[in-house]
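Welcome! Please take a look at the sequence and the 3D structure below, and keep them at hand while you read.

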Amino acid sequence: MRFFSLKRKSTAIFILFVTLPTLIIGNFVLSEYDRILSRQFAESMDKNLNTVEMNISDKIKKVEDITDYMIYKDSFRDFLTTPFEPSTLAMLNATKRDIEAFATFQLMSKSNIKSISLRGFNGNEFNIGEPVAGDEKRWIDEAIARKGAPFWSNSYPIISGWAGEKRVVSMFRVINSFDDAVTPLGMVTIRLDEADIAGLLEVAVPQKLGSAFVLRRDGTVLLDRDVSHVGRPYPDPRLIRGLAENGDVPFRLESEDGSHLVFARQMKSTGWTIAAMIPEERIVGQTHHVKSTLTALLVAMLLFGLIALIGFNLAIIRPILELRKETNRLKRGDFNARVQVRSQDEVGDLGRQFNHMVETIKDLIDNKYKLEIRQRESELKMLQQQMDPHFLYNTLDMIRWTARLEKAMETSRLIELLSRFMRAGMERATMWTPLSQELEFVRAYLDLQQKRLGPKLTFSVHMESSLADVAVLSKIVQPLVENSIKHGFNPRHGGTIRVRCYQAGQNLRIEVSDTGRGFAAETAAKLRRMIATGRAPEELLGHALGNIHERISIVYGPGYGVELEDLPEGGACVRLNMPLTIPVAEHDNRLLPEADPNAS
């Protein structure tokens, strides 16, 4: 172990002298408990199946006793032998009342019986309980072939007049003459709810634990949760062979789904076999809580050793490994390497000495590079020279006068418009501007666009004279005009833009309308939701209307901002609604929030 690191050495010692002995002992204890609990589970399952067998046998015995009573009772034989004629009607009604009273008592006292049908071969028929309909011919034929012996059907579907589709298990029995035992008089059918019998199996073997089913003597399935198996030989012939060889003794069955334990109980009264198949992993799951407790005890035994290992790791190994890591950082040239000192012992003193050494080296390197850094800053200042705006204006004026001297009056006019537009945009660095200057900026922009578009663009800008010095947020009108030209107009046909500023009560209204395409339905819906909620959604934050509405709402509060109006003649109309403010000269911009002058 001399080539191992400190961490590996401490871990190896812990594993060899603490973990391994504990695991070996714990494994032995868990195995013994698992064997004991598995045996207890098998005994419990055998007891459950025995209880199910007794309960089902009891239900079958009670049903067969009912049919025995019918065979020996005169009223039943009279009903099955007396023809339906006017002279016998009174006797048949009295007989039928007796039968109905008896059958009603059985239905009321035995909730698992759903219906009783009595059919005489003379044509008389009696039904009580749930009205049912279904194909029972096969079972009737089987019962006739038995010549009076009770015959139990497999689970089969019927249609109940009360509950709709359901499944039943029925007993069919031919009633023979009391005087002549080979002469059949009729047949009785007693239907039991399959859910009642299946419920007994569910209590013994819950579905989450495994499967339970009932088999006939020949191996066909009489009752199963999977109805596709009913009436057919069980899909796995190995199960049938195992039941024949082992009887009621539990045995292991290897199938495609894995290993199962099979528990079985044969009913003496019918010869049926009640079987349960439990996957072995689920049996193990039943003992999970006990095994979890034992595992917790084993973990507790390991805990003290683990605490010792962690303490040794935190106190000695981790500081040494951290020192090694920071040393590698320093080796790669990273002088931000530092060791966190957590103790005052020898390991902590080693960390402090390392930190002091790194600081000394860093100071020496900093002094060497200071001159180079200052030289770099000087070079950057020379590279970051910016053009003076006055130089740009003077240059534009020179180009404009040169164009006039060359008698290019239209070019001169365009340069003058551009100069006015740029001067207005650059000089408005504050948050507020007079309304007259805002409209002058708009006119300069529209003049430039009209020179570009020609007669395709017409515009008008109107303002009440009393509003000239009213303070408004800068650059809130020009983006609306720009949107009308860029997004509202057809490039071939152009259109008209109208800007109107007026006073409405204590508010200032600025309307920008055009004769373009108008807003798309989806965009208009989003904008109206923005106005209703008072905040611009994320998808409209980059939109001019969204930005302007957000700016006005932040400055003036809810209730102010952008309003949309549908124009009957088509196009779009955007109205800015804000309170009248004092003239811009009286504003103290230092007390107002800063705004981005380029937001549009």
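The sections below go through a sheet, the nonpolar cores and a few single residues.

## Before we start

This is a predicted model, in which local features need pLDDT of at least 70, side-chain atom pairs count only at pLDDT 80 or more, and totals for chains, interfaces and linings use all residues. Residues are numbered from 1 along each chain as its sequence is written, and side-chain values use heavy atoms, with hydrogens and water left out.

Helices (H or I, at least four residues) and strands (E, at least two) are DSSP runs, numbered from the N terminus.

Strands of a sheet pair through backbone hydrogen bonds, either parallel or antiparallel. Here, 5 strands form an open sheet in the order β9-β8-β12-β11-β10, and their pairing is antiparallel. At the edges are β9 (221-224) and β10 (251-255), each of which pairs on one side only; two strands count as paired if DSSP finds at least two bridges between them. On average, neighbouring strands of this sheet are turned by 30° against each other, direction ignored. Such angles run from 0 to 180 degrees between N-to-C directions, and the axes are lines fitted to C-alpha atoms, for helices over the stretch in contact.

Two helices pack on the sheet. Helix α5 (residues 194-204) touches β8, β9 and β12 (273-279), and its direction makes about 75° with that of β9. Helix α6 (residues 237-246) touches β8, β10, β11 (258-266) and β12, and its direction makes about 165° with that of β10. Contact here means heavy atoms within 4.5 Å.

How many bridges join β8 to β9? Strand β8 (residues 211-215) is joined to β9 by 3 bridges, and the two run antiparallel. Within this pair, Leu 215 stands opposite Val 221 in β9.

## The nonpolar cores

In soluble globular proteins, nonpolar side chains tend to be buried together. A nonpolar core is a set of buried Ala, Val, Leu, Ile, Met, Phe, Trp, Tyr and Cys residues joined through side-chain atoms within 4.5 Å. Buried means under 20% relative accessible area, exposed over 50%, and partly exposed in between (1.4 Å probe, protein chains only).

The largest nonpolar core has 48 residues, and Ile 116 and Leu 118 have the most contacts inside it. Helix α1 supplies the largest share of this core, 10 residues. Apart from it lies another core, of 37 residues, including Val 442 and Ile 552. Back to Ile 116: among the residues it touches, not counting those up to four places away in sequence, are Met 70, Leu 107, Phe 126 and Val 188.

## Two lysines with positive phi

Lys 147 and Lys 475 each have a positive phi of about 55°, although neither is a glycine. Lys 147 lies in the loop between α4 (137-146) and β4 (151-152), while Lys 475 lies in the loop between β15 (471-473) and α13 (478-488).

Which of these counts as buried, and which as exposed? Lys 147 is exposed because its relative accessible area is 68%, whereas Lys 475 is buried because its relative accessible area is 14%.

Ser 57 is found in helix α1 (residues 6-72). At 15% relative accessibility, Ser 57 counts as buried. Leaving out residues up to four places away in sequence, Ser 57 touches Met 267 and Ser 269.

Gly 351 belongs to helix α9 (residues 346-383) and is buried, at 4% relative accessibility. Leaving out residues up to four places away in sequence, Gly 351 touches Val 339 and Val 341. From C-alpha to C-alpha, Gly 351 and Gln 340 are 7.2 Å apart in space, and they are 11 residues apart in sequence.
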